[in-house]
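The sequence and the structure come first, and a description follows.

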Amino acid sequence: MIICKSADEIKLMHRAGKIVAEVLLKIKNILKPGVVTSYLDKVAEETIISRNAIPAFKGYLGRISKKPFPSSICVSINEEVVHGIPGKRVVKNGDLVSIDVGVLIGGYYGDAARSIKVGNTDKITGRLWEATYDALNLGIRKCVIGGRLTDISNQIEERAKADNFSVVRDFVGHGIGKNMHEDPQILNYGPPGQGPVLKKGMVLAIEPMLNEGSCEVKILNDGWTVETQDGRRSCHFEDTVAITENGPLILTRI
Ligand code: MG
């Protein structure tokens with residue numbers, strides 16, 4: 001069942017979303033060659049707590065892993081798609097780093113991710129980054145009353161195809177609200193015009209994951225980190241978006 005939120009609930013979700021956006025901005029500013037990923041996690045966690053919010057990913061039990069997620073953010077580098085665990089890894093010049101942040105405040109969740117190009121990245125990484133960010137924005141534009149859920153999916157896949165990139169099929173976007181993951185699941189591929197009709201008050205976390213090579217992924221032994229099977233790069237963006245009478249309202253940007 002897709003839960004539609006009231007205007008007051010969307011205001012609370014906007015508060016959560018703004019904290020997510022603030023954390024992502026802060027991490028972007030300190031993400032340089034030589035930085036250790038556990039430091040990014042520390043800064044994010046401190047920022048979230050300083051805003052009286054709770055890091056939503058820490059201790060989260062996923063649908064696959066039996067182990068609770070150990071950190072406040074996900075840091076996924078190059079061939080890592082999503083759910084990378086921050087640790088001793090040092091970020092290098094040329095890396096493509098996805099930072100995923102989730103917070104809980106006032107009973108509501110916010111969830112967003114940015115991929116960041118570190119230093120001088122190669123040409124194909126630049127194209128992959130641009131295609132993924134475009135795909136996110138094209139998907140968001142379809143978050144309008146009266147549209148259909150898979151209009152979003154289709155826009156994302158079409159943008160990926162335009163640059164010969166593939167779309168990850170094993171992980172999807174989702175509804176969000178009092179729970180981090182609510183109905184509906186939002187596939188990043190497929191024909192338009194299907195699925196539920198979009199209504200005022202639906203709040204969706206749209207998250208395209210595009211791969212340079214094949215769409216196949218695997219999960220590492222840590223129970224969390226998702227990597228491309230062919231070892232080529234992957235890119236990930238995400239925003240939490242409310243469907244309103246005035247069109248899509250992006251809750252996780254400032
Ligand atoms: Mg998400």
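Accessible areas here come from the Shrake-Rupley method with a 1.4 Å probe. By that method, the protein chain exposes about 11000 Å², and carbon and sulfur atoms supply 52% of this area. The model is predicted.

The protein chain contains four helices and 15 strands. Its C-alpha trace spans about 45 × 45 × 35 Å along the principal axes. A compact globule of 254 residues would have a radius of gyration near 18 Å, and the protein chain has 17 Å, so the value agrees with that of a globule.

Some values for the whole chain are collected here.

| Item | Value |
|---|---|
| Buried share of the 254 residues | 55% |
| Share of contacts with a separation of 6 or more that join residues 24 or more positions apart | 70% |
| Distance between the mean positions of the 33 positive and 30 negative charges | 3 Å |

Helix H1 covers residues 7–30.

The buried residues of H1 include Ile 10, Met 13, Ile 19, Val 20, Val 23, Leu 24 and Ile 27. Glu 9 and His 14 are also among the buried residues of H1. What covers the buried residues of H1? The cover includes helix H2 (37–50) and several strands, among them E4 (96–105), E5 (108–117) and E9 (203–206). Strands E14 (239–244) and E15 (247–250) also belong to this cover.

Key:
Residues numbered from 1 in each chain as written. Predicted model: local features only at pLDDT ≥ 70, side-chain atom pairs only at ≥ 80, totals over all residues. Heavy atoms only, no water. Helix = DSSP H or I, 4+ residues; strand = E, 2+ residues; numbered from the N terminus. Rg over C-alpha atoms; globule rule 2.2 N^0.38 Å. Buried < 20%, exposed > 50% of the residue type's maximum accessible area, 1.4 Å probe, protein only. Contact = heavy atoms within 4.5 Å. Lys, Arg positive; Asp, Glu negative; His and termini not counted. Charge placed at Lys NZ, Arg CZ, Asp CG, Glu CD. Expected span 1.5 Å × (residues − 1).
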